[in-house]
Amino acid sequence: MAKIQLNGVEYKFREKTKLKDILKKFKISEKKVAIEINGSIIHSHQVKNCEIKNNDKIEIVHFIGGG
Amino acid sequence: MSIPRDKLIIAGKSYDSRLIVGTGKYKSLKETAEAVKASGAEIVTVAVRRVNILDKKKPVLMDYLNPKKIKYLPNTAGCFSSEDALRTLRLAREIGNWKLVKLEVLGDKKTLYPNMIETLKSTSILAKEGFDVMVYCSDDPIMAKKLEDVGAVSIMPLAAPIGSGIGIQNKTNIKLIKKQSKVPVIVDAGVGTASDATIAMELGCDAVLVNTAIAEAKKPILMAKSMKNAVIAGRQAFIAGRMKIKDYANPSSPTKGIIS
């Protein structure tokens with residue numbers, strides 16, 4: 001099992017789960033977000049083949065209303 | 001009615017509207033979109049935050065304001081260090097390939113006053129990374145000049161603390177900054193009502209950024225329209241050139257031919 005932090009919340013996934021499957025599970029549209037794993041940006045072309053590892057810290061952000 | 005050929009040019013791109021609006025603090029995304037429309041703004045500031053993973057149906061800003069039709073200006077509001085601000089803007093660029101960003105590095109939670117040392121450092125790094133950086137800053141002309149020197153595409157001095165609605169506190173400094181700057185000077189933060197926006201434009205500023213004054217008005221849509229008109233009025237007055245101020249009265253009607 002891979003224990004990860006996703007936007008500050010702990011989740012457990014199978015080892016080598018693909019990032020794109022996590023996005024799918026949470027119904028997140030890849031086009032409207034930016035993703036960072038352990039402080040490094042995952043570019044859109046990298047999402048497809050990206051696999052998560054134990055202790056990964058994933059941040060998924062988008063635009064919201066702000067000043 | 002705007003003045004023909006009087007365009008606001010930021011980083012080589014021209015805009016008709018000289019009002020930039022924020023998209024925070026509205027009651028709903030629907031109200032946000034209506035206020036933006038009423039304001040006539042072509043650029044809106046947006047924040048970068050975590051996606052709410054568990055709420056799958058929550059409407060998102062992009063569903064209400066189409067980034068293909070209105071320019072999104074990602075902002076680093078809430079960042080208190082250069083590191084956080086850089087991280088935020090690098091992520092923002094990733095979402096839609098935005099080069100134009102607004103940098104805001106805060107120094108104090110109570111006043112939300114900018115930390116100019118961190119701001120200057122961040123501006124320099126971002127400019128080198130290819131960002132077009134519009135910079136929220138104090139109204140210190142020396143710091144404004146330094147920001148321009150390291151590559152800021154717009155200088156955005158505060159009128160007063162963010163969200164305070166106090167209005168322009170230091171007209172002299174704003175004027176000095178405008179006079180020395182080759183890039184657009186945009187008054188950002190502290191505008192409380194329409195007349196504040198007009199004053200900023202009468203001082204010669206290139207644009208005004210407003211959020212709270214619209215969002216927290218009793219009727220935000222009407223205030224958005226009012227801000228639009230205020231900015232146009234101020235710009236027109238600036239171009240028209242105001243009369244000279246005199247110490248004594250000067251009659252408006254001819255003094256000849258008065259019935260005696």
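This is a predicted model: local features need pLDDT of at least 70, side-chain atom pairs count only at pLDDT 80 or more; totals for chains, interfaces and linings use all residues.
Visitor: How much area do chain A and chain B bury between them, and what share of it is on carbon and sulfur atoms?
Guide: The contact draws 27 residues from chain A and 30 residues from chain B. In chain A, the residues that lose the most area to chain B are A:His62, A:Phe63 and A:Gly67, which together make up 30% of what that side buries. Between them, chain A and chain B bury about 2,500 Å², and the share of this on carbon and sulfur atoms is 64%.

Visitor: How many salt bridges are counted between chain A and chain B?
Guide: A salt bridge requires a side-chain nitrogen of Lys or Arg within 4 Å of a carboxyl oxygen of Asp or Glu. B:Arg87 and A:Glu36 form such a pair, with their closest N and O atoms 2.4 Å apart. Between chain A and chain B, the count of salt bridges is three.

Visitor: Which element supplies the largest share of the side of chain A that touches chain B?
Guide: There are 14 residue pairs in polar contact between chain A and chain B, both residues being at pLDDT 80 or more. On the side of chain A that touches chain B, β3 (34-37), β4 (40-42) and β5 (57-65) of chain A each supply at least two residues. The largest share of that side, seven residues, comes from β5(A).

Visitor: Does B:Glu31, which forms a salt bridge with B:Lys27, count as buried or exposed?
Guide: The closest N and O atoms of B:Lys27 and B:Glu31 are 3.4 Å apart, and B:Lys27 counts as exposed because its relative accessibility is 66%. Buried means under 20% relative accessible area. B:Glu31, at 13% relative accessibility, therefore counts as buried.

Visitor: What separates B:Glu34 and B:Lys30 along helix α1 of chain B?
Guide: B:Glu34 and B:Lys30 form a salt bridge, with the closest N and O atoms 3.2 Å apart. B:Glu34 is partly exposed at a relative accessible area of 36%, whereas B:Lys30 counts as exposed at 53% relative accessibility. The two lie four residues apart in helix α1 (residues 29-39), so their separation is about one helical turn.

Terms used: Residues are numbered from 1 along each chain as its sequence is written. Chains are lettered from A and ligands numbered from 1 in the order in which they are written. Side-chain values use heavy atoms; hydrogens and water are left out. Contact means heavy atoms within 4.5 Å. Buried area is the accessible area (1.4 Å probe) that two parts lose on being put together, summed over both. A polar contact is a pair of N or O atoms within 3.5 Å; within protein, one must be able to donate a hydrogen and the other to accept it, and residues adjacent in sequence count only if both atoms are side-chain atoms. Buried means under 20% relative accessible area, exposed over 50%, partly exposed in between (1.4 Å probe, protein chains only).
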